[in-house]
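Reader: Hi! Could you walk me through this one before I start clicking around?

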Amino acid sequence: MTAAFPATRLRRTRTHEWSRRLHRQTVLSPADLIWPLFVIDGEGVEQPVASLPGVSRWSVDLLLDRVGEASELGIPCVALFPNTPAGLRSEAAEEAWNPDNLICQAVRAIRDRYGDSIGVICDVALDPYTSHGQDGLLDEHGYVANDATLEALVKQSLNQVAAGTDIVAPSDMMDGRVGAIRQALEDAGHANIQIMSYAAKYASAFYGPFRDAVGSGDRLKGDKRTYQLDAGNSDEAMREIALDIAEGADSVMVKPGLAYLDIIRMARDRFDVPVFAYQVSGEYALIEAGVAANVGDREALVMEKLTAFKRAGCAGVLTYYAPFAARILNG
Ligand code: PBG
């Protein structure tokens, strides 16, 4: 006898809100969020970033309030990016290892005020410090020189660690940088400093507003395609991740996020390592533009996308929406 009704009714468990909650597989928590923050020189300064509506650069004193806010919201960690004063940017990026640079001031201030109660990530890459906006040092042909850059990245990392950062996050995509930094950390007795490697970082059109925020966009001539990954490649992303794990990374990042959910999933299936995603500036700006154009509701758009990152396999997400999302999740 043929049943006059569908043998399986998947709609049954979707009927009521309590049941949808009961059956939900992927649930976000504030502990999944990392808040990227931009630091600027001065005192009492909040400077909005024009291309990132709702995001500002903060002087160190006001940055401390944002870090306090993160802490109260249950966000475990913040990631710091400097807008280096123009006069301190140079060909050789020396400001990156100045013990009193903006980032070091910020890290020390956070440590003084909050101790070890919140994690601090410092980005390792030279673009906020170079006069030309590239992540590395240029050779005489204008090519980003790999091995010379490694030495600079090591100095930059040790400088951030001396200031008290918990995690160094190399975002430069030079070959061998995780190994070089890990070796230097061990040699200097910093066995417990984490390396969160931007392992699969693509040469993306979604970074524009970030470059505006750190002030490197106008300086940058050309692009970053000789070191960041090509959007067509996934095997190469897996090789990058495998190398970074072998060189001593504690966690890896896929960046940007949303256009690369397949890379996140592939990484999770292949490696037993925490994978993070960066919902980058262009992704944020596009949502904001969509909200302004009445495409949809901000909360619904943001929570759906953040859930997708976690469903794809992320241990956590770097997002400018971290406080917004945490507020919603905390009810
Ligand atoms: C550069 C860096 C970039 C971002 C984080 N670190 C930009 C780039 O590679 O040009 C982008 C983050 C974002 O767009 O939100 N080291």
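Author: Happy to; below we go from the overall fold to a few individual residues.

Author: This is a predicted model, so local features need pLDDT of at least 70, side-chain atom pairs count only at pLDDT 80 or more, and totals for chains, interfaces and linings use all residues. Residues are numbered from 1 along each chain as its sequence is written.

Reader: Thanks! How many helices and strands does the protein have?

Author: The protein has 11 helices and 10 strands. Helices (H or I, at least four residues) and strands (E, at least two) are DSSP runs, numbered from the N terminus. The radius of gyration is 21 Å, close to the 20 Å that the globule rule gives for 331 residues, so the protein is as compact as a globular protein of that length. That radius is taken over C-alpha atoms, and the globule rule is 2.2 Å times the number of residues to the power 0.38. Along its principal axes, the C-alpha trace spans about 80 × 45 × 40 Å.

Reader: And what share of the residues count as buried?

Author: Of the 331 residues, 44% count as buried. Buried stands for 20 or more other C-beta atoms within 10 Å of a residue's own, exposed for 12 or fewer, and partly exposed for in between, with C-beta atoms placed from the backbone.

Reader: Which residues have the most contacts inside the largest nonpolar core?

Author: Those are V39, V78, L80 and I121, in a core of 95 residues. Strand β1 (residues 33-40) gives the most to this core, with 7 residues. A nonpolar core here is a set of buried Ala, Val, Leu, Ile, Met, Phe, Trp, Tyr and Cys residues joined through C-beta atoms within 7 Å.

Reader: Let's take V78, then. What is V78 in contact with?

Author: Leaving aside its neighbours within four places in sequence, V78 is in contact with I34, W35, L37, V67, A70, I118, V120 and I121. A contact means that the C-beta atoms of two residues, placed from the backbone, lie within 7 Å.

Reader: Switching to annotations: which residues does "active site" cover in UniProt?

Author: The unreviewed UniProt entry puts that label on K201 and K255. They span 55 residues in sequence, yet no two of their C-alpha atoms are more than 4.8 Å apart, so they gather at one spot. A caution on the record: UniProt positions are given in the numbering used here, feature names are shortened, and annotations may be inferred rather than shown by experiment.

Reader: Where do K201 and K255 sit?

Author: K201 lies in strand β7 (residues 194-201), and K255 is found in strand β8 (residues 251-255). K201 is buried, with 27 other C-beta atoms within 10 Å, and K255 is buried too, with 23. Not counting residues up to four places away in sequence, K201 touches S171, M173, Q228, L229 and K255. With that same exclusion, K255 touches Y198, K201, Y202, A277, Y278 and V280.

Reader: Nice. Is the peptide bond from K255 to P256 cis or trans?

Author: The bond is cis, with omega near -10 degrees. P256 lies in the loop between β8 and α8 (261-270). For context, most peptide bonds are trans, and most residues other than glycine have a negative phi.

Reader: So what about phi at M173?

Author: Phi of M173 is near 65 degrees, a positive value in a residue other than glycine. M173 lies in the loop between β6 (167-170) and α5 (177-187), and M173 is buried, with 24 other C-beta atoms within 10 Å. N294 has a positive phi as well, of about 60 degrees, but N294 counts as exposed, with 7 C-beta neighbours inside 10 Å.

Reader: Last one: which residues surround the ligand?

Author: The ligand is surrounded by D123, A125, D127, D135, S171, D172, Y207, F210, R211, K224, V280 and S281. The shell divides into 4 nonpolar, 2 polar and 6 charged residues.

How values were computed: A residue is near a molecule or strand if its C-beta atom, placed from the backbone, lies within 6 Å of it. Ala, Val, Leu, Ile, Met, Phe, Trp, Tyr, Cys and Pro count as nonpolar, Asp, Glu, Lys and Arg as charged, and the others, Gly among them, as polar.
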